[in-house]
Structures are given as C-alpha cells and as structure tokens.
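Please look over the sequence and the structure below before reading on.

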Amino acid sequence: MKKELELYVHIPFCVKKCGYCDFLSFPGGSEAQRQYVETLKLEIGHCMTDPEEYRVSSVFFGGGTPSLLPAAWTAELLGLLRERFPFEESAEITMEANPGTVDAESLRLLREAGFNRLSFGCQSAEDEELQRLGRIHSWKDFLMSWGLARAAGFENLNLDLMSGLPGQTAASWERTLRRAAELQPEHISAYSLILEEGTPFYRERESLDLPDEEEEREMYECTGEILGEYGLLQYEISNYARKGYECRHNLGYWTGKDYLGLGLGASSLLEGVRFHNTQDMKEYLASGGCTEQLRIVDERLSREERQAEFMILGLRLIAGVSELEFEKRFGQPLAEVYSEQIEKYRKLGLLKKENGRIALTRRGISLSNTVMADFLP
C-alpha cells in the first residue's frame with residue numbers, strides 16, 4: 001500500500017497586506033511572481049527522492065493570494081505535481097482565492113486543470129467591517145466572484161468568515177452568517193480574530209473597538225446554531241460543512257497524516273520529522289529549488305510528542321479522537337497513556353467518552369486550550 005500524502009503549495013503574493021495578517025505574504029509584481037513560480041517548478045522536481053511510494057489525497061494552494069497568479073501558471077504547477085506524484089482519482093484540490101482576483105476565464109482554466117474546490121476569503125458581509133480590516137473587496141465584489149465560480153462548475157466552495165472584528169456586534173455577525181449561508185456553500189470556516197504580535201492591529205489594540213469577551217462568546221455560540229439551520233454542521237472547533245464536504249486536507253492535519261509543503265516558508269511533517277523551507281525570498285530564489293539548501297529541520301518528534309500531537313489536534317474535531325486509531329498507530333490503548341487527563345476532565349464535564357471516542361463537551365470546547373495543554377509531554 002502506498003503511503004497517503006497531502007501537498008501544500010505556498011503562494012506568498014497579495015494585493016495588500018491586511019492589518020490583522022501575520023501570514024508569510026506581501027505584495028509582488030509580475031516579474032517577482034514569475035521568478036518565484038520558476039523556482040517553485042524546480043523545487044517540485046527536486047522535492048522528494050521517492051514520490052512513487054506515496055499517493056496524494058489532497059492538494060492545497062494557500063498564501064497570500066494564489067488567485068493573483070495567472071491561472072495558466074497555477075495550472076502548470078498542478079500539472080507538474082501530477083507528473084511528479086501519483087494522485088488519488090478523487091483527490092481534493094483546493095485553491096484559496098480573494099474576491100475580485102478571479103474572472104470567468106481564469107476560473108474556467110483552473111477548473112479544467114483539475115482544481116475542484118475553492119476557498120474564498122470573504123471575512124464579513126458588512127462593507128464597513130471589511131473596510132476596517134483593510135480588505136480590498138466589498139460584499140458585492142464577493143458575490144460577483146462567487147457567482148463566477150459556480151458558473152465555472154465549482155461544486156465545492158468554502159468561504160472564510162471572521163468574528164470579533166473592530167466595530168462588530170452580535171447582530172452584525174448574525175447578518176454575516178445568514179447572508180453567507182443563504183448562498184448554499186458547501187463549507188464555512190468561521191474564525192475569531194486573533195491579534196498577532198507584529199501586526200498593525202496588535203500595535204493599535206488599545207484603540208480598536210473590539211467586542212468584549214461576553215459578546216465574543218455569544219458570537220461563537222450562535223454560529224453553530226445559525227449555520228445548522230442551513231444544513232452546515234460543525235465538525236471542528238471553527239469549521240462547518242454539509243455532510244460529505246468536510247475539508248479533507250485540513251482533516252488530514254487534524255488526524256496526523258503526513259504532509260509536504262512547497263514554496264517559501266512552507267512547513268512539512270514526514271515520518272515524524274517536522275521541517276520548513278526558508279522564509280527569505282532571496283535565499284529561496286537563489287536555491288534553484290534545491291531542497292538541501294531550502295529546508296530547515298525543526299524537530300524529530302519523539303513517540304510521546306507524536307501521541308500528544310495526535311490528541312491535541314484530534315480534540316479539535318467535534319467527533320474527537322478514536323481510541324481504536326490511537327492504539328493502531330501507537331500500539332498502546334489510549335486510556336493507558338492518558339487515563340489521568342481523561343478522568344480529570346471527564347469529572348469537570350469538559351471531556352466525554354462515547355462510542356470508542358474521546359471528545360470535548362460543548363463546555364469543553366470553550367475551554368479547549370486549557371484541556372489540550374494538559375496533554376503536552
């Protein structure tokens with residue numbers, strides 16, 4: 001049996017850096033994009049000595065804004081990956097896109113190339129909130145791009161939304177949720193704004209008109225209820241989908257599957273070894289795609305670290321962690337390794353044990369960071 005593998009391709013370019021964003025992204029002109037893509041093509045050719053031993057179950061082009069690249073370039077990159085790796089016939093192939101950066105022709109090319117899922121960075125249905133975030137699009141722009149994607153034949157669409165925004169209220173968040181859900185998306189990712197160090201929002205945090213903790217909690221609690229009315233069921237702390245449309249790529253991360261990252265700063269986890277590519281664009285371009293020059297090993301995970309990561313990531317899922325899968329992977333019963341933590345949080349009403357799985361309760365989800373930290377070695 002070939003080993004399952006997920007691929008992530010990082011495209012760092014964006015039109016404009018948003019005030020809250022701490023991702024590895026920046027504006028870049030056509031020549032910078034061309035040089036980057038040429039190096040990325042070389043990296044694909046050098047990325048692994050034994051690609052035939054794997055089968056690719058998902059590909060995710062993230063960023064940045066991958067939809068900024070000419071669609072023909074993106075299609076070529078996907079074609080090279082297909083030449084390099086065996087793909088599952090039903091592989092999920094996603095590209096992130098920002099409203100206003102796609103048109104009918106580019107979407108047609110992407111669909112023909114094999115992309116079968118798009119993830120739109122929408123964030124809000126309220127134009128005032130979008131302006132405060134520094135987004136380059138309006139709600140109307142988003143609706144235009146959404147309609148073009150449907151017309152191009154995309155039958156698996158996600159949109160990202162954000163709560164806890166400056167000036168946002170529980171009422172405006174509900175409007176955003178309902179407007180988004182009425183479009184009948186297959187998937188919605190609903191994240192809470194986090195003020196990351198080094199971002200303009202973090203520096204301006206004292207002057208930002210942010211919702212208080214109680215209102216943020218109200219926003220989170222109503223999210224599942226409202227989206228559930230439209231058939232979008234919560235399957236992870238921040239993700240909701242119609243049955244059968246859960247994001248396979250992210251499920252791979254949360255269930256401990258191997259993944260290989262390509263491009264500037266991209267992270268990987270293969271055979272228990274975590275590594276990442278250089279984050280320096282000059283170094284990346286100078287490498288000529290040679291992985292020996294690109295890659296920086298972060299750590300070789302011990303057995304205890306792999307078990308802890310399996311638990312912590314798995315508890316993000318509403319279904320929780322499978323006791324059978326844990327024992328199959330590590331050769332030990334889950335309860336034998338983590339009996340103390342499980343009993344502690346069961347008694348506190350934060351964990352539950354049902355049908356061979358350990359999962360957070362509804363109350364446990366709101367205190368998930370506390371629970372998960374206790375599984376660290």
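## Basis of the model

This is a predicted model, in which local features need pLDDT of at least 70 and side-chain atom pairs count only at pLDDT 80 or more, while totals for chains, interfaces and linings use all residues. Residues are numbered from 1 along each chain as its sequence is written, and side-chain values use heavy atoms, with hydrogens and water left out.

Helices (H or I, at least four residues) and strands (E, at least two) are DSSP runs, numbered from the N terminus.

## Helix α5

Helix α5 covers residues 139-151, 13 residues in total. From its first C-alpha to its last it reaches 18 Å, close to the 18 Å expected at 1.5 Å a residue; the expected span is 1.5 Å times one less than the number of residues.

The buried residues in α5 are W139, F142, S145, W146 and A149. They lie on the same side of α5 because they cover an arc of only 120 degrees around the axis, the arc being that of the directions from the helix axis to the C-beta atoms. Buried means under 20% relative accessible area, exposed over 50%, and partly exposed in between (1.4 Å probe, protein chains only). On the other side of α5, K140, M144 and A151 are exposed.

The buried residues of α5 pack against α3 (104-113), β4 (117-123), α4 (127-133), β5 (157-163) and α6 (170-181), where contact means heavy atoms within 4.5 Å. Just after α5 comes G153, with a positive phi of about 100 degrees.

## Nonpolar cores

A nonpolar core is a set of buried Ala, Val, Leu, Ile, Met, Phe, Trp, Tyr and Cys residues joined through side-chain atoms within 4.5 Å. The largest one has 63 residues, and L7, F61, L81, F85, F87, F120 and L260 have the most contacts inside it. Strand β3 (residues 87-97) supplies the largest share of this core, 5 residues.

Apart from this core lies another, of 21 residues, among them L315, F330, Y338 and Y345. Returning to L260, its contacts beyond four places in sequence include L5, L7, Y8, C47, M48, F85, L270, F275 and R295.

## Two buried polar residues

H10 lies in strand β1 (residues 3-11) and is buried, with a relative accessible area of 6%. Its side chain makes a polar contact with the side chain of Y8 at 2.8 Å. A polar contact is a pair of N or O atoms within 3.5 Å; within protein, one must be able to donate a hydrogen and the other to accept it, and residues adjacent in sequence count only if both atoms are side-chain atoms. The backbone oxygen of L24 also lies 2.8 Å from a polar atom of the H10 side chain. Not counting residues up to four places away in sequence, H10 touches L24, Y36, G62, G63, G64, L262, G263, L264 and A266.

N98 is found in the loop between β3 and α3. N98 counts as buried, at 16% relative accessibility. A polar contact of 3.1 Å joins its side chain to that of R135. Beyond four places in sequence, N98 touches T65, S67, F120, G121 and R135.

## Salt bridges

Side chains of opposite charge can pair when their charged atoms come close. A salt bridge here is a side-chain nitrogen of Lys or Arg within 4 Å of a carboxyl oxygen of Asp or Glu, and the structure holds 26 of them. One joins K2 and E52, with the closest N and O atoms 3.9 Å apart. This pair links distant parts of the chain, 50 residues apart: K2 is in the segment before β1, and E52 is in the loop between α1 (30-46) and β2 (54-63). K2 is partly exposed at 38% relative accessibility, whereas E52 is exposed at 51%.

Another salt bridge joins K257 and E4 (3.2 Å, N to O). K257 sits in the loop between α9 (248-254) and β9 (259-262), and E4 in strand β1, 253 residues apart. K257 is partly exposed at 30%, and E4 is partly exposed at 23%. E4 and K257 also belong to a network of salt bridges with R55, E88 and R248.

R346 and E343 form a salt bridge in which the closest N and O atoms are 3.4 Å apart. The two are separated by about one helical turn because they are 3 residues apart in helix α14 (residues 334-347).
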